[in-house]
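Student: I would like to learn how to read side-chain contacts and backbone features in a model. Please go through them one at a time.

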Amino acid sequence: MSLLPKAQSVTKQGSPDGYIPPMAFRGQVLDGGYTRLEISAPPAKLAFVHRYLAQQLCAPLKMRYVKLTDRSVGQLQKPESYVAVELSSERINQALEYYETLLYHDGRNQLWLLGIDEAQLVLDELGMVYLYPDDFAFRDSLTNIGWVEAEHETMAERDYVRVNFSSEADEQEKSLLQSLGMIRWEG
């Protein structure tokens, strides 16, 4: 079975328009002076770059799973957040690999990973990756695996984007929350 990407750029009529996100990153300064790297990846490389960057975070890690949509009822009025703490890098890597369909091919969620040093990696529902802070070590890591620093159009800037959902991810979502002992968080 061929899996769709988390999201894809489409025409106004909803047909794929052929846009493929580049292997690129750029630094950003946010309100309050916070910095981050905005990382774009073609769908075939999304899991690779996300897992690679997750390994750059200092353990133990915290994970936040944000459910934005329930496939059977649609977009949730208020997103649901679930958290797990004190996770090893190995456990995170196993989860990222095992739940690949849910995390990298289904747009119902965001996944936030926080290192003990406060470095944070976010995978959003459009397949965009954000890494906080903008650090030379992170830039070097991205360059070492073939990403280029460049101004580029991202999936978040496209006029029309279709978020895809997979029925297989329904069961994976339940299993992820249970296997990592994630608890509902209202914060």
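Student: Which residues do ring pairs link into a cluster?

Tutor: This is a predicted model, in which local features need pLDDT of at least 70, side-chain atom pairs count only at pLDDT 80 or more, and totals for chains, interfaces and linings use all residues. Residues are numbered from 1 along each chain as its sequence is written, and side-chain values use heavy atoms, with hydrogens and water left out. Rings of Phe, Tyr and Trp (its six-membered ring) pair if their centres lie within 6.5 Å; planes under 30 degrees apart are stacked, over 60 edge-to-face, and the rest tilted. Here the cluster consists of Phe48, Tyr52 and Trp147.

Student: How many aromatic pairs are there by this rule?

Tutor: The count is three. One of them is Tyr98 with Tyr99, an edge-to-face pair with 4.8 Å between centres and 85 degrees between planes.

Student: Are Tyr98 and Tyr99 buried or exposed?

Tutor: Buried means under 20% relative accessible area, exposed over 50%, and partly exposed in between (1.4 Å probe, protein chains only). Tyr98 is exposed at 59%, whereas Tyr99 is buried at 4%.

Student: How many salt bridges does the model have?

Tutor: Side chains of opposite charge can pair when their charged atoms come close. The rule asks for a side-chain nitrogen of Lys or Arg within 4 Å of a carboxyl oxygen of Asp or Glu, and the count comes to 16. Among them is Arg158 with Asp17, at 2.9 Å from N to O.

Student: Which parts does the pair of Arg158 and Asp17 tie together?

Tutor: Helices (H or I, at least four residues) and strands (E, at least two) are DSSP runs numbered from the N terminus. Arg158 sits in the loop between strands E9 (148-149) and E10 (161-163), and Asp17 in the loop between strands E1 (7-9) and E2 (24-29), so the bridge ties together parts 141 residues apart in sequence. Arg158 is partly exposed at 21%, and Asp17 is partly exposed at 31%.

Student: Where does the salt bridge of Glu100 and Arg51 lie?

Tutor: The closest N and O atoms of Glu100 and Arg51 are 3.7 Å apart. Glu100 belongs to helix H3 (residues 100-104) and Arg51 to helix H1 (residues 43-54), 49 residues apart. Glu100 is partly exposed at 28%, while Arg51 is buried at 18%.

Student: What does the salt bridge of Glu186 and Lys78 tie together?

Tutor: The N to O distance between Glu186 and Lys78 is 3.5 Å. Glu186 lies in the segment after strand E11 (183-185) and Lys78 in strand E5 (residues 74-87), so parts 108 residues apart in sequence are tied together. Glu186 is exposed at 52%, and Lys78 is exposed at 56%.

Student: Which residues do salt bridges with shared partners join into one network?

Tutor: The network holds Lys67, Asp70, Arg71, Asp106, Arg108, Asp170 and Glu173.

Student: What is phi of Glu86?

Tutor: Phi is near 60 degrees, a positive value in a residue other than glycine. Glu86 lies in strand E5 and is exposed at 64%.
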